[in-house]
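User: I'm new to this one and would like to walk through it with some questions. Can we start with the spaces inside?

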Amino acid sequence: MKKYKNIMLRGLAFLSVLGLFSCEDYLDKSPDSDISSTDAFVSFENFQGFVEELYCAVPDYSTANWACDWILGDEIVEKVDAPWLNTSFDKGNYWAWTNSQWISFLDKSSVVTTQGSREQGLWPNAWYAIRKANLGLENLDNLINANETEKNVIKGQLLFFRAWFHFELMSYWGGLPYIDRLLGSSEVLQEPRLSFQECADKAAADFLQAAELLPDDWDNLGDLVDEGKTVGNNQQRITKMKALGYAGKVFLYAGSPLMNYESQGSKTFNAEYCKKAADVFGEMLKIVDSGTTSLGLLDFSMYDALFFTDGRGTIPGEYNGVREAIFQPIINSTWFKGCAWGPSSLFTAVNAGNGGVSPNARFVENYGMANGLPINDPNSGFDESDPWEGRDPRFYQNIATDGDKITNLNSIEAQLYTGGASRDNGSCSRTGYLLTKLIPITANTTDGFSSNYMHLSYMRLADVYLMYAEAVLQGYGSGTSYAQGTSNFSEYGDFTADSYSLTAEEAFNKIRTRSGASALGAIDATYVTDKDKFQESIVRERAMELAFEGNSRFKDLRRWLLADKNKYKEKTAVDFDRDAVTGKPINIRETILLTRVFDQKHYWLPLKVSDVTLYPSFGQNPGW
């Protein structure tokens, strides 16, 4: 047999082998293992080799293009007349997601699952992966040279990927056909589109079954799986925790206003789906509490390790044995190892490159004060004449403001005042802010691009705590049951899931206080006793915690039915002068740069005409 290789890179050695592995090399498998049941499915080694391509089908959204082109929400403003996807959406061109319009992680001209590729497209890869998962499930009975544990992990992975790819498609395009059987090559296509909630029920069932079959840590399987050959190489494998996380997420999405409206015609949260979400998240978080998993929240002093390496020899998302990343794409490319203009406008502020992305000033208003209050609260202490003092610690990790140090060598400072060297509509900051969250300060020619790699997550534990808080609030805080230890319905922060003792307030504050900010409700208790104020706090907290990572924000604003409100459509800049004596901003004014085109039909992306015309019952999304 060939030497066993593993695409899940060894933690401390991965930097030396980035881009050098192949999904095809994962296990010793037959060349025709994708089609031959006698060779591909008879042994664990070959069947796992067949499954490995599903890992390779997951798009690494951050490597499809430069200039943060994976961010589709309100976090960023691109340079004037940028050809990229966010600007296309701003102008109302939502067809731009297709490969024929622009480079996009949502689409490619063909299925791509090859070695080292950054060209995976969600739309083609998802349908391919769903079929491949169904092919594997159809052939489970052919797996005869394997023990029960090995059969379980094969089936669990297949179920997870079938559900995950459906869920990703649903989150952009709404309810679709849920393909849970192997369609024959000559079969007449007639699978109907389901509502989002109907799809969610099927996806959740797959995720939950996968959770029953999969271990939390493959290393604990020892010699039960291929004589222990996977030990030490399991960081990115599909596990019980990943499956539970996504089961909860699909239930929460199904219970959100957009999905409830699409499915049942009501623009409100669906309490029953939110309760299901809360209970699944609760089961997951109980395992975290038990200490039997490596999942945990990184200390804020190592917050950067969630996003980039900065010379550390581990995959971003973990540090010192604690893993916050739950689900990530595999390491496919070194595209951003030394390429700074993609994930940050910091580089262009120093080197006048061609990044052209800056944080939207209106979005930056989500970053509250260190005392836990939003900046628009009259008791927050926010000073309009000194707007960058006393803010949430994540503000300073995510955003650079005027006068901030933006290189290590020579200590170059950002000049973000109107007319300053860092203000440029074409290549630096249009908005008065620079993005610093995703790369180290040394990612520029002045500092010589220190060894670095950016790798983002689809889901991390902080996201789960916030989703749990929201699910409890909107499910168990619906008025159908009492909060634990209270005698009325007013103390919404005290609600818990049936499956878990952590209150919504406690879950929320695990994330808030991790950063060093004061707990929600520490100054004003109404933020946790008033349901609407609590939900508004969740909106802001998710903005601060998950900003610029994938499309959590784009999906959140849509599922909450907020994306068509001017507050979230307007993209602005802060114009100001710098006081020659104090260095503080003066003459501050907010300028609207653009207003995104977004109305009811834009809540779901349009489907390709070539697909919706395949058969009558598929159908286009409303308004398109």
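User: Which helix gives the largest share of the lining of the second largest cavity?

Analyst: Keep in mind that this is a predicted model. The second largest cavity holds about 80 Å³ of space, and its lining includes G73, D74, F554, L557 and R558. F554, L557 and R558 are buried residues of helix 18. With three residues, the largest share of this lining comes from helix 18.

User: Why is helix 18 described as largely enclosed by the rest of the structure?

Analyst: Buried here means under 20% relative accessible area. S552, R553, F554, K555, D556, L557, R558 and R559 in helix 18 are buried. Helix 18 is largely enclosed because its buried residues number eight of eight.

User: Which residue with a positive phi follows helix 18?

Analyst: Helix 18 covers residues 552-559. After helix 18 comes a residue with phi near 60°, and that residue is L561.

User: Where does N551 sit, and is N551 buried or exposed?

Analyst: N551 is placed in the loop between helix 17 and helix 18. Leaving out neighbours within four places in sequence, N551 is in contact with W70, I71, L72, G73, F105 and Y172. The cut-off for buried is under 20% relative accessible area. N551 has a relative accessible area of 7%, so N551 is buried.

User: Which residues lie nearest the centre of the largest cavity?

Analyst: Cavities of 30 Å³ or more number seven here, and the largest cavity has about 170 Å³ of space. Helix 6, helix 8, strand 8 and helix 18 each supply at least two residues of its lining. By class, that lining has seven nonpolar, four polar and six charged residues. Of the 17 lining residues, those nearest the centre are S457, Y458, G550, N551 and S552.

User: What about the open spaces? Which helix gives the most to the lining of the largest pocket?

Analyst: The largest pocket has about 930 Å³ of space. Its lining has 37 residues, and E365, N366, I375, N376 and K567 are the closest to its centre. Elements giving two or more residues to this lining include helix 12, helix 19, strand 9 and strand 10. The most, seven residues, is given by helix 17.

User: How many charged residues are in the lining of the largest pocket?

Analyst: Split by class, the lining of the largest pocket has 19 nonpolar and four polar residues. The charged residues in it number 14.

User: And which helix gives the most to the lining of the second largest pocket?

Analyst: The second largest pocket has about 520 Å³ of space. Among its 22 lining residues, W127, I179, L183, L189 and L614 are nearest the centre. By class, the lining divides into 14 nonpolar, three polar and five charged residues. Giving seven residues, the top contributor is helix 5.

User: Which residues touch the most other members of the largest nonpolar core?

Analyst: In soluble globular proteins, nonpolar side chains tend to be buried together. The largest nonpolar core here has 171 residues, and helix 6 brings the largest share, 14 residues.

User: Is I588 buried or partly exposed?

Analyst: I588 lies in strand 10. Its C-alpha is 4.4 Å from that of F576, twelve residues apart in sequence. I588 also touches E384, P387 and D575, among others. Since I588 has 35% relative accessibility, it counts as partly exposed.

User: Stepping back, what share of the protein chain do buried residues make up?

Analyst: The protein chain has 20 helices and ten strands. Among contacts between residues at least 6 apart in sequence, 69% join residues at least 24 apart. The accessible surface comes to about 21900 Å², with 49% belonging to carbon and sulfur atoms. Of the 624 residues in the chain, the buried share is 62%.

Notes. Residues numbered from 1 in each chain as written. Predicted model: local features only at pLDDT ≥ 70, side-chain atom pairs only at ≥ 80, totals over all residues. Heavy atoms only, no water. 1 Å grid on protein atoms, 1.4 Å probe; cavity = no way out; pocket = protein on both sides within 12 Å on 5 of 7 lines; lining within 4 Å. Points joined across faces, edges and corners; volume = space filled by probe spheres on them. Helix = DSSP H or I, 4+ residues; strand = E, 2+ residues; numbered from the N terminus. Nonpolar A, V, L, I, M, F, W, Y, C, P; charged D, E, K, R; others polar. Core = buried A, V, L, I, M, F, W, Y, C linked by side-chain atoms within 4.5 Å. Buried < 20%, exposed > 50% of the residue type's maximum accessible area, 1.4 Å probe, protein only. Contact = heavy atoms within 4.5 Å. Areas by Shrake-Rupley, 256 points an atom, 1.4 Å probe, with all protein chains shown as cover.
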